Amino acid sequence: MNIGNIKDIPRLGARVVKTEQGDIAIFRTSDDKVFALADKCPHKNGPLSQGIVHGHTVTCPLHNWRINLADGEAVAPDEGCAGHFKVDVDAEGELVLDI
Ligand code: FES
């Protein structure tokens with residue numbers, strides 16, 4: 001599904017897309033990569049979209065687990081995985097979420 005343009009998301013920010021599979025957080029990193037994770041931390045369902053993005057990870061706002069944006073896996077020593085989704089960015093910056 002088309003979810004807008006990369007310009008709609010601030011660098012190091014996120015926006016939430018509502019889908020039939022629940023809320024999905026779309027993140028933009030400082031190097032203009034775009035990643036999509038279920039907006040639920042694998043720890044206790046914290047809203048990852050409100051976390052702080054560093055490099056290609058996001059820190060959950062509730063208890064500071066760090067989650068890899070590329071695959072949704074928690075950074076060790078924590079263990080768990082948020083659902084992750086593929087996002088394509090075309091030459092105009094339009095974002096297509098693959099769900
Ligand atoms: S809910 Fe994310 S770290 Fe606890």
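Contacts, core and loops in a predicted model

Author: In this predicted model, Ala25 touches Ala14, Val16, Ala36, Leu37, Asp39, Leu48 and Ser49, leaving aside residues up to four places away in sequence.

Reader: What makes Ala25 and Ala36 count as touching?

Author: Two residues are in contact if their C-beta atoms lie within 7 Å. Ala36 is listed among the residues that Ala25 touches, so their C-beta atoms meet that cut-off.

Reader: Which residues have the most contacts inside the largest nonpolar core?

Author: They are Ala25, Ile26, Phe27, Ala36, Leu37, Leu48 and Ile67, in a core of 20 residues. Strands E2 (14-19), E3 and E4 each give two or more residues to this core.

Reader: Why is Asp32 called exposed?

Author: Asp32 has 11 other C-beta atoms within 10 Å. A residue with 12 or fewer is exposed, so Asp32 is exposed. Asp32 lies in the loop between strand E3 (22-28) and strand E4 (34-38), and has a positive phi of about 65 degrees although it is not a glycine.

Reader: What makes Asn64 exposed?

Author: Asn64 has 12 C-beta neighbours inside 10 Å. The cut-off is 12 or fewer, so Asn64 counts as exposed. Asn64 sits in the loop between strand E6 (57-59) and E7, with a positive phi near 65 degrees.

Reader: Which peptide bond is cis?

Author: The bond from Ala76 to Pro77 is cis, with omega near 10 degrees. Pro77 is in the loop between strand E7 (66-68) and strand E8 (84-89).

Terms used. Residues numbered from 1 in each chain as written. Predicted model: local features only at pLDDT ≥ 70, side-chain atom pairs only at ≥ 80, totals over all residues. Helix = DSSP H or I, 4+ residues; strand = E, 2+ residues; numbered from the N terminus. Core = buried A, V, L, I, M, F, W, Y, C linked by C-beta atoms within 7 Å.
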